[in-house]
Each structure stands twice: as C-alpha cells, then as structure tokens.
Amino acid sequence: QEAVSTAILTERLQLLFEPVVSLIPAPSARYEVSPRLTAPDGGLLSPVAFMPIAQRCGLVERLDAWLLAKGLDAIVACRDAGQPAQLFVHQSLASAGRDHWVDRIRDEINRRDLFRLRPVIQFQVQEAAADPGLAADRIARLARLGIPVCLNGVDADDASERVLASEPAAFARLARTLVQSLDAEP
C-alpha cells in the first residue's frame with residue numbers, strides 16, 4: 001500500500017496507449033490511455049493491480065487529474081506531429097462529482113488549444129449505475145462542450161441496460177467477460 005501511494009504521489013506513472021478498434025470509419029486513430037504504475041522493482045503495474053489500493057488511500061482523484069493532464073498533453077503531441085488522435089481517458093465519478101470538474105476539463109482543453117481535438121471521457125458503467133443523477137449531469141455537461149463519453153465495462157446485466165438506455169453516451173466498451181461469453185458461431 002505504501003509503495004503504491006508513494007508512486008502515485010511522486011508520479012512514478014506511465015501512459016499506456018491501447019488501440020481502439022472502430023466499427024465505423026474514424027477520421028483519426030483512436031487509443032485508450034491508461035496509467036501504469038512503476039513498482040519499486042521497476043516493473044509496471046496495470047490499474048487492476050493498484051486501483052483498489054489507490055481507492056483505499058483516497059488517491060483516485062489525484063490519479064484522475066494526472067491521467068487527464070497527460071492524456072491532453074498526448075493529444076497535443078499527436079497534433080503537433082501531424083498525426084491527430086482521439087484518446088479515451090478514464091475518469092472516476094468521484095472526481096466528476098467535484099463542483100468545478102467540468103470547468104477544469106474545459107479550461108485544460110482551452111489552455112492547450114484543443115478546440116477541434118477533444119478527448120473521450122470514459123466512466124465505468126457500474127459507477128454510472130450507482131449514481132445515475134450525477135452521471136447524467138456530467139455526460140450532458142460534457143456533451144455541451146463537445147466532449148463525448150464512453151461507458152466502460154458494459155455487460156449483460158440490468159444495471160448496464162438501464163445506464164445505456166438513459167445516458168446519451170457516444171461510445172460503449174464491452175466488459176471482457178461479456179466478449180468472452182459471446183458465441184463465435186453465426
């Protein structure tokens with residue numbers, strides 16, 4: 001726990017870029033960015049390994065802020081290299097619940113002159129199901145700024161179905177368990 005806390009507080013983190021496969025043609029490459037934490041032995045830990053500890057230590061909002069800033073910086077770097085990309089950046093509803101969270105995202109986008117290149121903000125569908133009012137408000141406010149939302153972890157349960165029916169998200173990312181359970185036969 002102490003090693004994870006120290007790594008987050010000292011920003012011993014890296015971005016991992018995972019390609020997003022689009023089912024329809026996209027104007028630019030799409031990537032999901034996720035943090036990797038540098039362990040004391042030099043290895044990299046995925047969020048699955050350290051997020052529960054970050055939550056227990058109250059560091060999720062700090063991690064979200066780091067991920068958003070680095071994701072926006074990566075969009076700038078791609079744009080400046082002549083290879084614009086759309087990045088999917090995870091944020092927790094705990095962070096989104098802060099009063100000025102949407103304003104901070106808007107200000108960070110404006111500061112980087114990313115008027116035409118917006119990130120896609122990802123929320124976990126389970127978090128949205130647990131607080132549908134907050135999710136609906138944040139998704140609507142982001143939409144007014146031209147920032148699309150992806151609901152992550154969609155599965156076959158009733159909670160996912162309710163969230164998908166009520167939230168105007170631009171993207172949905174299926175849970176691994178749902179994808180693995182699909183029958184490969186036509």
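Begin by selecting W101, I105, I121, F123 and L142, which touch the most other members among the 44 residues of the largest nonpolar core. Such a core is a set of buried Ala, Val, Leu, Ile, Met, Phe, Trp, Tyr and Cys residues joined through side-chain atoms within 4.5 Å, where buried means under 20% relative accessible area, exposed means over 50%, and partly exposed lies in between (1.4 Å probe, protein chains only). The largest share of this core, nine residues, comes from helix α3; helices (H or I, at least four residues) and strands (E, at least two) are DSSP runs numbered from the N terminus.

The model is predicted, so local features need pLDDT of at least 70 and side-chain atom pairs count only at pLDDT 80 or more, while totals for chains, interfaces and linings use all residues. Residues are numbered from 1 along each chain as its sequence is written, and side-chain values use heavy atoms, with hydrogens and water left out.

Stay with I121 and show its surroundings: leaving aside neighbours within four places in sequence, I121 is in contact (heavy atoms within 4.5 Å) with residues including L68, V89, W101, I105, L142 and C150.

Which helix holds L67? Select α3, residues 60-80, and L67 is found there; at 4% relative accessibility, L67 counts as buried. Not counting residues up to four places away in sequence, L67 touches L15, V33, S34, P35, V89, H90 and Q91. For a distance to check in the viewer, L67 and E32 are 11 Å apart in space, C-alpha to C-alpha, and 35 residues apart in sequence.

Next, select strand β6, residues 149-154, which is mostly covered, since six of its six residues are buried. Four bridges join β6 to strand β5 (residues 120-124), and these two run parallel; two strands pair if DSSP finds at least two bridges between them. Here Q122 stands opposite C150 in β6. Four bridges also join β6 to β7, again running parallel, and V154 stands opposite L174 in β7.

Now turn to the aromatic rings, where rings of Phe, Tyr and Trp (its six-membered ring) pair if their centres lie within 6.5 Å, with planes under 30 degrees apart counted as stacked, over 60 as edge-to-face and the rest as tilted. By this rule the count comes to three aromatic pairs. Select F17 and Y31, whose ring centres are 6.4 Å apart and whose planes stand at 85°, so the pair is edge-to-face. F17 lies in strand β1 (residues 13-19) and Y31 in strand β2 (residues 29-38), so the pair ties together parts that are 14 residues apart in sequence. F17 is partly exposed at 37% relative accessible area, and Y31 is partly exposed at 29%.

Then select F88 and F171, an edge-to-face pair with 5.0 Å from centre to centre and 65° between the planes. F88 lies in strand β4 (residues 85-90) and F171 in strand β7 (residues 171-174), so this pair ties together parts that are 83 residues apart in sequence. Is F88 buried or exposed? F88 is buried, with a relative accessible area of 3%, whereas F171 is partly exposed at 21%.

Finish at R138, found in helix α7, residues 132-144, and buried with a relative accessible area of 7%. R138 touches A96, G97, R98, W101, V102 and F123, not counting residues up to four places away in sequence.
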